[in-house]
Amino acid sequence: MQWRQSQSDWATASEINNNFFTIFKSSDAVIWTELSKISGAGNSNQVKNYSTTDYDYHGNVAYYRLNQTDYDGTTTWFKISAVNCFTVGDLSVTIYPNPFSTFAAIMINDASQINNCELRIFNDLGEEVINTVITQQLTTLETSNLPSGIYLYKVINNGKIIQSGKLISKQSYHPK
């Protein structure tokens, strides 16, 4: 297992009553842990740059989410960011969004491996519900027929599992 680091940077154009930022990290965009807290500028009308580094991450993709807290306790959540943390030579596959609803996108970092990769998705009973060959560097997969729930996936390259994990479907399912 290789340990990697990931850096998150952001900036504010101005700040009003900004007490602090909290950065959260996740390996699956579902379960979050606090990475760090950084003091805000309070009140400012100048551009402020912020940064934090995650020195304790292992895996191919890290998810980060920023939360800003005012002096009065009001919080604002910002969009989730996915960061590829692979090293040169690693074959990495990113599947997003997670949770998904009507589609999932599969992105592979090494275009030369595209024809050798296969995605398999299994329901909670272990039944294979999707088996597809990844045909492009970015492949979109129709998932509207999958009911809400937790799914396991495997990405297989030349018969070897190179990545596995959980996917969550959040949608209204209406059988036809």
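Student: Which residues are linked in a network of salt bridges?
Tutor: E118, R120 and E128. Keep in mind that this is a predicted model.

Student: How many salt bridges does the structure hold?
Tutor: It holds 2. In one, the side chains of E118 and R120 meet, at 2.8 Å from N to O. In the other, E128 pairs with R120, and the closest N and O atoms are 3.8 Å apart.

Student: Why can side chains like that pair?
Tutor: Opposite charges can pair when the charged atoms come close.

Student: Is E118 buried or exposed?
Tutor: E118 counts as buried, because its relative accessibility is 19% and the cut-off for buried is under 20%.

Student: And what do R120 and E128 count as?
Tutor: R120 is partly exposed, at 27% relative accessibility. E128 is partly exposed too, with a relative accessible area of 40%.

Student: What stands opposite R120?
Tutor: K154, in β13. Strand β10 covers residues 117–122, and β13 covers 149–157. The two run antiparallel and are joined by 6 bridges.

Student: Which strands make up that sheet, and in what order?
Tutor: There are 4 strands, in the order β11-β10-β13-β14. The sheet is open, and the pairing is antiparallel.

Student: Which strands stand at the edges?
Tutor: β11 (128–133) and β14 (160–169). Each has a single partner strand, so one side of each lacks a neighbour in the sheet.

Student: How many degrees are neighbouring strands turned against each other?
Tutor: On average 20 degrees, ignoring direction.

Student: New topic: the nonpolar side. How many residues are in the largest core?
Tutor: The largest nonpolar core has 17. I95, I106, L119, I121 and Y153 have the most contacts inside it.

Student: Which elements give two or more residues to it?
Tutor: β8 (93–96), β9 (103–108), β10 and β13.

Student: Why would such side chains gather?
Tutor: In soluble globular proteins, nonpolar side chains tend to be buried together.

Student: Let's zoom in on L119. What is it in contact with, leaving aside neighbours within four places in sequence?
Tutor: The partners of L119 include I95, I106, I130, I134, L141, Y153 and V155. N131, T132 and K154 are also in contact with L119.

Student: Last one. Which residues does the second core include?
Tutor: W10, F21, Y50 and A62 are among them. This second core has 8 residues and is separate.

Note on methods:
Residues numbered from 1 in each chain as written. Predicted model: local features only at pLDDT ≥ 70, side-chain atom pairs only at ≥ 80, totals over all residues. Heavy atoms only, no water. Pairing = 2+ DSSP bridges. Axes fitted to C-alpha atoms, helices over the stretch in contact; angles between N-to-C directions. Core = buried A, V, L, I, M, F, W, Y, C linked by side-chain atoms within 4.5 Å. Buried < 20%, exposed > 50% of the residue type's maximum accessible area, 1.4 Å probe, protein only. Contact = heavy atoms within 4.5 Å. Salt bridge = Lys/Arg side-chain N within 4 Å of Asp/Glu carboxyl O.
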